[in-house]
Amino acid sequence: MITVFSGTNRKNSRSKLIADYIFEQLNLKSEEEIQIFYLEDLPQDLFHADMYEEGGQSELLSSIQDKYLIPANKFYFVVPEYNGGIPGALKLFIDACSIRKYNESFKGGKKAALIGVAAGRSGGLRGLEYMTGFLNYLTVNVMPNKLPVSSIESLLTADKLTDQGTRKALEKHVSDFLEF
């Protein structure tokens, strides 16, 4: 199973548009079960003082972890650049899920692909490198080909990805990930 994550809790994000495109491409190219999770659907009570205690995770977060992290053998993260890094909500989500069922969620040879989305020119590469570091620490194998999607606004028309070069790059990234 492959889980695609739209890596921000911001509503109607550009990352969500790219995550939806990746989800469509995976469904076209893979016979594996594909699912998608939008971090905008995270529980509002995720951040609290007891979240790092055994049993401190909300039931809703536990059900998200049980559905989207534990059964997946591959993760596809579409991550916007926030202040030279990644959204705090994404890091908080991964940290919270590392408390409960850590081994089932992250260990066992799981793999990940990373796509950065940014309004600027770097495509969020600095954040992708940071994310690679902590995913490797969790023993998740990250595909070396991280794809930065830069100047996102110029690639869209009426909230649709219309830039053919970017579409081809994303399609190639999906094919490479399925072989990874």
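1. Ala112 stands opposite Val142 in strand S5. The model is a predicted one, in which local features need pLDDT of at least 70 and side-chain atom pairs count only at pLDDT 80 or more, while totals for chains, interfaces and linings use all residues. Residues are numbered from 1 along each chain as its sequence is written, and side-chain values use heavy atoms, with hydrogens and water left out.

2. Which strands pair with S4? Two strands count as paired if DSSP finds at least two bridges between them. S4 and S5 (residues 141–142) run parallel and are joined by two bridges. Strand S3 (residues 74–80) is also parallel to S4, with seven bridges between them; in this pairing Phe77 stands opposite Leu114. Strand S6 (residues 147–149) runs parallel to S4 as well and is joined to S4 by three bridges. There, Val117 has Val149 as its bridge partner.

3. Buried stands for under 20% relative accessible area, exposed for over 50%, and partly exposed for what lies in between (1.4 Å probe, protein chains only). As background, side chains in a regular strand alternate between the two faces of the sheet.

4. The whole structure contains eleven aromatic pairs. Rings of Phe, Tyr and Trp (its six-membered ring) pair if their centres lie within 6.5 Å; planes under 30 degrees apart are stacked, over 60 edge-to-face, and the rest tilted. The pair of Tyr76 and Phe177 is edge-to-face because the ring planes are at 75°, with the centres 4.9 Å apart. Tyr76 belongs to strand S3 and Phe177 to helix H6 (residues 164–179), so this pair links distant parts of the chain, 101 residues apart. Tyr76 is buried, at a relative accessible area of 0%, and Phe177 is buried, also with a value of 0%.

5. Ring pairs also link Phe5, Phe37, Tyr68, Phe75, Phe77 and Phe93 into a cluster.

6. How many salt bridges does the structure hold? There are eight, where a salt bridge is a side-chain nitrogen of Lys or Arg within 4 Å of a carboxyl oxygen of Asp or Glu. Arg14 forms one with Glu153, and their closest N and O atoms are 2.9 Å apart. This pair links distant parts of the chain, with Arg14 in helix H1 (residues 14–29) and Glu153 in the loop between S6 and strand S7 (156–157), 139 residues apart. Arg14 is partly exposed at 25% relative accessible area, and Glu153 is partly exposed at 45%.

7. Arg14 also meets Asp159 in a salt bridge (2.4 Å, N to O). Asp159 lies in the loop between S7 and strand S8 (160–161), 145 residues from Arg14. Asp159 is partly exposed, with 46% relative accessibility. Elsewhere, Lys172 forms a salt bridge with Asp176, the closest N and O atoms being 2.9 Å apart. These two are about one helical turn apart because they are separated by four residues in helix H6. Shared partners join Arg14, Glu153 and Asp159 into one salt-bridge network.

8. The largest nonpolar core has 31 residues, of which Phe5, Phe77, Phe93, Ile94, Met131 and Leu135 touch the most other members. Such a core is a set of buried Ala, Val, Leu, Ile, Met, Phe, Trp, Tyr and Cys residues joined through side-chain atoms within 4.5 Å. Helix H2 (59–69), S3, helix H3 (88–97), S4 and helix H5 (125–137) each give two or more residues to this core. H3 gives the most, with six residues.

9. Phe5 has contacts (heavy atoms within 4.5 Å) with residues including Phe37, Leu39, Tyr68, Phe77 and Phe93, leaving aside residues up to four places away in sequence. A second, separate core of 25 residues includes Leu26, Ala113, Leu147 and Leu156.
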